[in-house]
Amino acid sequence: MEHPIDLVGSTIPQATELLQTRFEKLNPEEGIIIKLDNKGVELLDYFQGRFWGAFEWSPLQLGPPVWQYIMTRTPSKRTTRSIQEFLGADHKRCDELFSQLEQAAQANDVTQAALLFGQFRTGMDHHFGMEENIFFPAFEKSTGMTQGPTMVMRMEHRQMSGLIGQMAQAMEQNKLDGVTRVISTLVIMMRQHNIKEEQMLYPMADQYLDGTTDSLIRTMQKLV
C-alpha cells in the first residue's frame, strides 16, 4: 500500500516532522509517495541518520518544478547493507514497474501507461546512474578490473537505454502496440542483465568492498 504526502511549500523542519510521523506509522513494505518542490537531499540526510537500514528511497519523477519519491519501509531494519541487497532490491522495484507498464499497455490504457513509463524510465536511469557513477568506479578501483564485468554491464545499459528510448517515441505517439513490441525484447535483456549482476557482480563487490559498502549505498541513495 502506498500513501501520498504533499510537502510542496513546506520548510525542511516541517517536512521532516510530517514525514517522520507518517513513516513511523507504516507497516513493513508499505510506502509513502512524497511530493516535493526540491530534490529532497536534506530530508534524506535526516532519515539516513535516524532510520538507516529501515527504508528504501527511490525517485518516481525528477523536476523541476516537482520531484516525487517513494519511501518504503523495509521488512526489518538492517544495521549494515550490502550491494547485493540494495541494488537487488532496486532491480525488483524496476521490474515491478515494468510489469505494471506491460499490463497497462496490453489493456490499451494510455493514461496509466504514460504514468508508469515515466516512473519506470526514471527508475532505470537512476539505477544506471548509481552503478555507473558510484558503484562501478569503486569496484574498479578496488579490484583493478576496468575491462571486466563492469565494461559489459555498461554496454548492456546502453542497449537497454536505446530500447527505452524507442518506447518513449512510441509513447509520444500513443502507439501502445509499439511499446508492447519493445517490451517483449527488453524483458529478455533485463532478466539476463540482472542475473549477471545478482549472481556474479554484486557478490564480488560485497567481497572486495567489505567495510565501505554502507558509505557507497548512502551515496547512491542520494543520487538525483
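## Strand pairing

E56 has T72 in β4 as its bridge partner. Strands here are DSSP runs of E with at least two residues, helices are runs of H or I with at least four, and both are numbered from the N terminus. The model is predicted, so local features need pLDDT of at least 70 and side-chain atom pairs count only at pLDDT 80 or more, while totals for chains, interfaces and linings use all residues. Residues are numbered from 1 along each chain as its sequence is written, and side-chain values use heavy atoms, with hydrogens and water left out.

Strands β3 and β4 pair in the antiparallel sense over six bridges; two strands count as paired if DSSP finds at least two bridges between them.

The four strands make an open sheet in the order β1-β2-β4-β3, with mixed pairing. β1 (2-6) and β3 (55-61) are the edge strands; each has a single partner, so one side of each lacks a neighbour in the sheet. From one strand to the next the twist averages 25 degrees. Helix α3 (residues 83-106) packs on this sheet and touches β3 and β4, its direction making about 40 degrees with that of β3. Contact means heavy atoms within 4.5 Å. Axes are lines fitted to C-alpha atoms, for helices over the stretch in contact, and angles run from 0 to 180 degrees between N-to-C directions.

## Helix packing

Helices α4 (residues 110-143) and α6 (residues 176-208) pack at an angle of about 25 degrees, with axes 12 Å apart. The contact divides into 15 nonpolar, four polar and two charged residues. Ala, Val, Leu, Ile, Met, Phe, Trp, Tyr, Cys and Pro count as nonpolar, Asp, Glu, Lys and Arg as charged, and the others, Gly among them, as polar.

The axes of α3 and α7 come within 10 Å and cross at roughly 25 degrees, so these helices are also roughly parallel to each other. I83, F86 and L87 of α3 meet T213, I217, M220 and Q221 of α7. This contact holds five nonpolar, two polar and no charged residues.

## Salt bridges

The count comes to eight salt bridges, each a side-chain nitrogen of Lys or Arg within 4 Å of a carboxyl oxygen of Asp or Glu. One joins the side chains of D45 and K222, at 2.5 Å from N to O. D45 belongs to helix α2 (residues 41-51) and K222 to helix α7 (residues 213-222), so the pair ties together parts 177 residues apart in sequence.

## Backbone exceptions

Most residues other than glycine have a negative phi, and most peptide bonds are trans. E29, which is not a glycine, has a positive phi of about 75 degrees; E29 lies in the loop between α1 (12-24) and β2.

The peptide bond from G63 to P64 is cis, with omega near 5 degrees. A cis bond also joins P64 and P65, with omega about 10 degrees. P64 is in the loop between β3 and β4, and P65 lies in the loop between β3 and β4 as well.

Technical notes. Angles under 35 degrees count as roughly parallel, over 145 as roughly antiparallel, 65 to 115 as roughly perpendicular and the rest as oblique.
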